[in-house]
Amino acid sequence: MNTVDLNCDLGESFGTYKKGTDEDILDYVTSANIACGFHAGDPSVMRKTVKLAMEKNVGIGAHPGLPDLVGFGRREMRISPQEAYDMVIYQIGALYGFVKSEGGVMQHVKPHGALYNMAAKNSDLAEAIAEAVYKVDPELILFGLSGSELVEAGEKTGIRTANEVFSDRTYQEDGSLTSRTLINALIEEEEKSLQQVVRMVKEGKVKCLQGVDIPIEADTICIHGDGVNALSFARNIRTGLKEAGITIEKVGKINK
């Protein structure tokens, strides 16, 4: 039987700026990646999102990003492995405080945006992030792009990892995500997105933009919470996965 986790990036509002429909999307996902204040989010939003996730029995994860609020953490920065290590520990700690104070348990860590993509290819950054996660709590699960340096670093460090695939992104032949600077980076048609996801889970393959199938491992599927049709995407994918005979469960229960 195929079993997969369904995750979403949440808690991205801050101050008077509201982003996404977190409360509604939490009805359809099994894991939540909560922004920790660097690329998005603020203390009040973090607390509220943690409480909502706990109320809906959704696995809680820290979503550390680069310190770039204006660029939403999607612009690359030249940082050292030591800086990556420090940033990740700082942000995990910030969210952990809210999780602990509410009586919850943190399940995972998923780097955000440019930090995530940089670590997918840069082994030094990947190892620094994996070490940061391990040093904070070796029971945490590290999310990384399927088959990436980040997943490999996590395994090397001795922590549990989850190969992540994307419902609304296209792929390159080397297994990387198509850059958001290109017009064909996003999949906007719900049916096309669902077909890609089901195939990745059941067949372990995805068709890249170069027109060939590449192997892929899917432990957890990402749905972006900031899209215009994010809620509809989440509802459609959850329903479609179940209709395809795929069980949806939070990654902490799958990956033991």
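The largest pocket in this model holds about 520 Å³ of space. Of the 26 residues lining that pocket, the closest to its centre are Gly113, Ala114, Asn117, Arg169 and Ser179. A pocket here is an open set of points on a 1 Å grid over the protein atoms alone, with protein on both sides within 12 Å along at least five of seven lines; a 1.4 Å probe fits at the points, and lining residues have an atom within 4 Å of a point. Volume means the space filled by probe spheres set on those points.

A word on the source. The model is predicted, so local features need pLDDT of at least 70 and side-chain atom pairs pLDDT 80 or more, while totals for chains, interfaces and linings use all residues. Residues are numbered from 1 along each chain as its sequence is written, and side-chain values use heavy atoms, without hydrogens or water.

Back to the pocket. Which helix gives the largest share of the lining? Helix 4, residues 113-121, with seven residues. Helices are DSSP runs of H or I, at least four residues; strands are E runs, at least two; both are numbered from the N terminus. By class, the lining has nine nonpolar, ten polar and seven charged residues. Asp, Glu, Lys and Arg count as charged; Ala, Val, Leu, Ile, Met, Phe, Trp, Tyr, Cys and Pro as nonpolar; the others, including Gly, as polar.

Next, His108. His108 sits in strand 4, residues 106-109. Is His108 buried or exposed? Buried, at 0% relative accessible area. The cut-offs, with a 1.4 Å probe and protein chains only: buried is under 20%, exposed over 50%, partly exposed in between. The His108 side chain makes a polar contact with the side chain of Asn33, at 2.7 Å. That term means a pair of N or O atoms within 3.5 Å; within protein, one must be able to donate a hydrogen and the other to accept it, and residues adjacent in sequence count only if both atoms are side-chain atoms. His108 and Leu142 are 34 residues apart along the chain, yet their C-alpha atoms are separated by 5.8 Å.

Now Asn7, in strand 1, residues 3-10. Asn7 is also buried, at 0% relative accessibility. Beyond four places in sequence, Asn7 touches residues including Ser31, Asn33, Lys110 and Glu164. Contact means heavy atoms within 4.5 Å.

Last, Glu203, in helix 7, residues 190-203. Glu203 is partly exposed, at 48%.
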